[in-house]
Amino acid sequence: MNNDRWVRILVSDRFFGISAALFLALFLGLYRSFGIWQEYSASGHSLSFRVISFSLVLWCSTAIWEQLLKAKARWFRRLIQFLSGNLFLFFLLNIFWLGQDWQWTSFFSLTSDFALTWIWPILVQEMSLAYSQSPARQEPELNIQDEGGRLELSLPLSQFRYAASEGNYIEVYCDRGEGLESVLIRQTLKKLIEQYPEHLVRVHRKYVVNPDLIAEVYWHSKDSYLKLPGGIQLKVGNRYREELQKARQKL
């Protein structure tokens with residue numbers, strides 16, 4: 001589950017801007033790209049301040065274009081983000097050096113170094129996408145049967161919210177893109193957990209939940225409870241606290 005969460009973060013377009021800024025900081029601090037001067041700049045700013053400033057400017061520029069062009073193809077967004085980021089960094093470079101680098105040779109030198117920096121966050125995202133879409137990484141499918149072995153419900157794990165015990169039945173709550181819905185199945189929570197011990201966790205004698213979707217857990221000596229997407233709040237039984245804590249540690 002921990003790996004799944006990291007993959008989802010790495011493929012996220014929101015994370016791309018952060019990734020680009022971090023790689024830029026590494027290149028400036030370690031590789032000394034842009035021919036960056038290690039001492040104070042002409043404007044009197046330290047290397048650390050300049051590295052942070054370059055990184056923040058790139059992150060803001062990338063994030064803004066990500067929102068403005070979110071309907072466009074990813075390659076087009078990356079191209080516009082690169083071109084605008086390059087210009088912003090060139091302007092900032094001249095602010096730190098009081099216009100001394102306001103020339104084409106400096107611009108092309110910065111562009112070539114920035115291109116080397118820009119490749120890495122793209123590679124990270126594309127490799128993460130390829131990894132997440134590989135056959136071995138396909139999302140687990142839940143196939144819930146009734147007591148007689150008849151298939152009653154089939155859905156990806158991410159759509160499963162929780163199941164509640166209702167006498168001789170369980171009521172499965174899921175979201176298949178049209179809001180929260182429930183399906184009543186003649187089955188027990190014990191059998192459900194036995195079938196999917198790696199993907200589901202029991203938190204109460206009445207509830208089994210998808211631990212990947214737990215937003216927050218509130219621990220109290222008597223009445224602990226957890227929250228799921230959509231404002232769902234469920235009690236956590238004392239006898240299931242340890243089991244829930246172990247499941248949370250794996251995330």
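## Basis of the description

Buried means a relative accessible area under 20%, exposed means over 50%, and partly exposed covers the range in between, with a 1.4 Å probe and protein chains only. By that scale Arg-78 is buried, its relative accessible area being 7%.

This is a predicted model, in which local features need pLDDT of at least 70 and side-chain atom pairs count only at pLDDT 80 or more, whereas totals for chains, interfaces and linings use all residues. Residues are numbered from 1 along each chain as its sequence is written, and side-chain values use heavy atoms, with hydrogens and water left out.

Helices (H or I, at least four residues) and strands (E, at least two) are DSSP runs, numbered from the N terminus. Since Glu-66 lies in helix 3 (residues 47-68) and Arg-77 in helix 4 (residues 74-96), the pair ties together parts that are 11 residues apart in sequence.

## The surroundings of Arg-78

What does the side chain of Arg-78 make with the side chain of Gln-125? The two side chains make a polar contact at 3.1 Å, a polar contact being a pair of N or O atoms within 3.5 Å, of which, within protein, one must be able to donate a hydrogen and the other to accept it, while residues adjacent in sequence count only if both atoms are side-chain atoms.

When contact is taken as heavy atoms within 4.5 Å, and neighbours within four places in sequence are left aside, Arg-78 is in contact with Asp-13, Phe-16, Glu-66, Trp-118, Ile-122 and Gln-125. With Phe-16 there is a further relation, as Arg-78 lies over the face of that ring, at 3.7 Å from the ring centre. A charge sits over a ring if NZ of Lys or CZ of Arg is within 6 Å of the ring centre and within 35 degrees of the ring normal.

## Arg-186

The side chains of Arg-186 and Glu-147 meet in a salt bridge at 3.5 Å, N to O. Arg-186 lies in the loop between strand 5 (180-185) and helix 6 (189-195), and Glu-147 in the loop between strand 1 (141-145) and strand 2 (151-156), so the pair ties together parts that are 39 residues apart in sequence. Arg-186 counts as partly exposed, at 37% relative accessibility, and Arg-186 also lies over the face of Tyr-169, at 5.3 Å from the ring centre.

## Aromatic pairs

Rings of Phe, Tyr and Trp (its six-membered ring) pair if their centres lie within 6.5 Å, and planes under 30 degrees apart count as stacked, over 60 as edge-to-face and the rest as tilted. A search of the whole structure finds 16 aromatic pairs. The rings of Phe-54 and Phe-96 have centres 5.7 Å apart and planes at 70°, so this pair is edge-to-face. Phe-54 lies in helix 3 and Phe-96 in helix 4, so the pair ties together parts that are 42 residues apart in sequence; both Phe-54 and Phe-96 are buried.

The rings of Trp-104 and Phe-107, with centres 5.9 Å apart and planes at 85°, likewise form an edge-to-face pair. Trp-104 and Phe-107 both lie in helix 5 (residues 104-132), 3 residues apart, about one turn of the helix. Trp-104 counts as exposed at 62% relative accessibility, whereas Phe-107 counts as buried at 17%.

## Strand 3 and its partners

Strand 3 (residues 160-166) is mostly covered, 5 of its 7 residues being buried. Two strands pair if DSSP finds at least two bridges between them; strand 3 pairs with strand 4 (residues 169-175) in the antiparallel sense over 6 bridges, and 3 bridges join strand 3 to strand 7 (residues 207-209), these two also running antiparallel. Ala-164 has Glu-171 as its bridge partner in strand 4 and stands opposite Tyr-207 in strand 7. In the hairpin of strand 3 and strand 4, which has 2 residues between the strands, Gly-167 takes a positive phi near 65°.

Methods: A salt bridge is a side-chain nitrogen of Lys or Arg within 4 Å of a carboxyl oxygen of Asp or Glu.
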